[in-house]
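Hi everyone, thanks for making time.

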Amino acid sequence: MVNQWNSIPFLIRIAALLLLLLQPAAAQRISYILPDIGSPGLTTYVEGIGPADAFGNFGQDGLHLNNAGDLMRVACVRPADTHKVKIGPVIVGWGGRMFSMQIFVMPYLMPSSPDWRDAGDEYTIPLCFIRNGIPGDTVLFRIVQPTRVPVLRGDVTLGDGVYGLRSPRGAMIVERLSMENARVRVSTTDCDPETDGNQGFLPFSLLSLGDVVGTGASILDVSAQGSDGGPGGGGGGGSFCYSIQNGWKGGNGFSSGGPGGRNPGGATS
């Protein structure tokens, strides 16, 4: 019996193979990187997270040296930015859904502000994860001055007013942190209104160039606030009612319960 593939004219077979080879591979997706800010002279450990159900999104778990030309690497989208940041080796983990790396910001850079909104194009560094030579999503890493936070006393909220500003993905860099009998909470106000959801519930990353000191009864509190979670915590679960009324929704958070509802098998009066 003649093989069906061999019965196809030679030129058609070549065309079919070329089409298969030229098919674009599925680009890897990055949900967010955290932290997403750095300061001159500081090395920042950064994690990139992909969709929770996208196993193998960043390839197989393992170490990649991140050299120029490697098939698996994290790189600056703009070649000129390689003079501003240096990216170390990349480790892929969590079943190909996460990668981690070190980003060193060159010490001679002079950003004008600790506010990432004032970083400008010069200090906003687009990065992409390259898999098998194909770049995926672009994410932004911003270079800022560290925030000079006053001594914290009493009840204060980091990331609010004179107490700094969280980055789009919820991080802060401070010169140092000094607490004197202070109860310090972290703002969960949306720090990136242009992205769906409240990014203030992303895990809080605090980087400090100097010491972090607490005296007296000082405490850094990231606990839940009612049914809403703290920064990086889960909100309360939604409720179901055995009645004609719906239950209430779950609390807001990095992860949260369902919307609540009604069990139709329950009482109707």
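Strands here are DSSP runs of E with at least two residues, and helices are runs of H or I with at least four, numbered from the N terminus.

Some housekeeping before we look. This is a predicted model, where local features need pLDDT of at least 70 and side-chain atom pairs count only at pLDDT 80 or more, while totals for chains, interfaces and linings use all residues. Residues are numbered from 1 along each chain as its sequence is written, and side-chain values use heavy atoms, with hydrogens and water left out.

Now to strand β12, residues 171-174. In a regular strand, side chains alternate between the two faces of the sheet. Here A171 and I173 point one way, M172 and V174 point the other way, and all are buried. Which strand does β12 join through 4 bridges? That is β14, residues 205-208, and the two run parallel; strands count as paired if DSSP finds at least two bridges between them. Within this pairing, V174 stands opposite S208.

Next, the loop between β3 (43-49) and β4 (62-64), where we find N57. Is N57 buried or exposed? N57 counts as buried because its relative accessibility is 9%. Its side chain reaches the backbone oxygen of R29 at 2.6 Å. For a polar contact we ask for a pair of N or O atoms within 3.5 Å; within protein, one must be able to donate a hydrogen and the other to accept it, and residues adjacent in sequence count only if both atoms are side-chain atoms. If contact means heavy atoms within 4.5 Å, then N57 touches Q28, R29, G50, P51, G96 and R131, leaving aside residues up to four places away in sequence.

On to the rings. Rings of Phe, Tyr and Trp (its six-membered ring) pair if their centres lie within 6.5 Å; planes under 30 degrees apart are stacked, over 60 edge-to-face, and the rest tilted. That rule gives 3 aromatic pairs. One of them is F58 with F99, edge-to-face at 4.9 Å centre to centre and 85 degrees between the planes. This pair links distant parts of the chain, with F58 in the loop between β3 and β4 and F99 in strand β8 (residues 98-105), 41 residues apart. F58 and F129 also have their centres 4.9 Å apart, but their planes are at 55 degrees, so this pair is tilted. F129 sits in strand β9 (residues 124-131), 71 residues from F58. Both F58 and F129 are buried, and F99 is buried as well. Ring pairs link F58, F99 and F129 into a cluster.

Last stop, the cysteines. How many disulfides does the structure hold? The count is 0, where a disulfide is a pair of cysteine sulfur atoms within 2.5 Å. Take C128: the closest cysteine sulfur, in C76, is 8.8 Å from its own, which is too far for a bond. C128 counts as buried because its relative accessibility is 9%, and C191 counts as buried at 8%. C128 is also among the residues touched by A75, which lies in strand β5 (residues 72-76) and counts as buried at 7% relative accessibility.

Conventions:
Buried means under 20% relative accessible area, exposed over 50%, partly exposed in between (1.4 Å probe, protein chains only).
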